[in-house]
Amino acid sequence: MVAIQDRLTALGRLLSVGDLTPKRYAKERQDSLARLGRAMIVPSFERGESILAEHHWVEGHPRIPDSVLRETAQIASSLYATDRRLFRWRFQDRGVPTASFLEGVEEGLEDRRYSDVAAVHVRRARRWGEALTGAVIAGVGVLLAAHLRMTAYVLAAVGLFGVLHGLLLPTRWVEITSREEGEAPWPVLAASAKSARALLAEVERRTRSERG
C-alpha cells in the first residue's frame, strides 16, 4: 500500500509542474485508487477468496463548498465483489493535490456477506431541482420577452428543456439492502456503467446461490 500511496503523491507532483495533463492524471490516479482499494481488502480475505468484479464512482460534494475559489474533496466509493462477500470502501477523493479535506467525513471500509444481502433494488427519483431551475429560466424568458426578443425565446426553450429533462428522465441508482434490521442500504451510483452492471449481476447471482 505504501508504494501505491507514494505513486499517488508522485502523480500530484507531476500534475503541479505540468508534466502530466489533467486527463492523464485523472486516469492514472483512478487506476491507483482502485489498486489501493484492492490492497486494503486483501488482508481480510479468507483462504482462496478472490475478487470477481469491482465498481468505482464519485458521489460528489456532500454540501455546498465554502468557497468557489477553493477546491475541496468529494465523497467517493468503491465496491469489490469477491466469491464470498461484498466490500465497500468509502473515502474522501481529492481530485487535485491542492483540494482540502472535508470536516466530519470519515473513511470507512466494511464488508457484507452474500447471505446477509436481502435484495438489489433499482431506485428512481425525479430531478425536482433541475425542473424548478428550468421553470425559473423559462419564466424569466417569458417575462422579459418584450425586452430581450430572440434571447427570451432561447431562455424559454432552455428552461422548458430543463423541466422536461428533470421530470421525464429521473435519476437512477441501485440499492443493496441488508437482511439485518436497521442497517442502511448501500447505494450504487453510476449504475448504468459496464463495471456496475457486471458487479450487480455477480451480487445477484451469488445472493440467489446463498438462498439455495
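**Salt bridges and exposure**

Guide: Glu202 and Arg206 form a salt bridge, with their closest N and O atoms 2.9 Å apart. This is a predicted model, where local features need pLDDT of at least 70, side-chain atom pairs count only at pLDDT 80 or more, and totals for chains, interfaces and linings use all residues. Residues are numbered from 1 along each chain as its sequence is written, and side-chain values use heavy atoms, leaving out hydrogens and water.

Visitor: Why is the contact of Glu202 with Arg206 called a salt bridge?
Guide: The term asks for a side-chain nitrogen of Lys or Arg within 4 Å of a carboxyl oxygen of Asp or Glu. Here the N and O atoms are 2.9 Å apart, so the pair qualifies.

Visitor: Why is Glu202 called buried?
Guide: Buried means under 20% relative accessible area, exposed over 50%, and partly exposed in between (1.4 Å probe, protein chains only). Glu202 has 14%, so it counts as buried.

Visitor: And what makes Arg206 partly exposed?
Guide: Arg206 has 22% relative accessibility, so it falls in the in-between class.

Visitor: How do you know that Leu143 is exposed?
Guide: Its relative accessible area is 71%, so Leu143 passes the cut-off for exposed.
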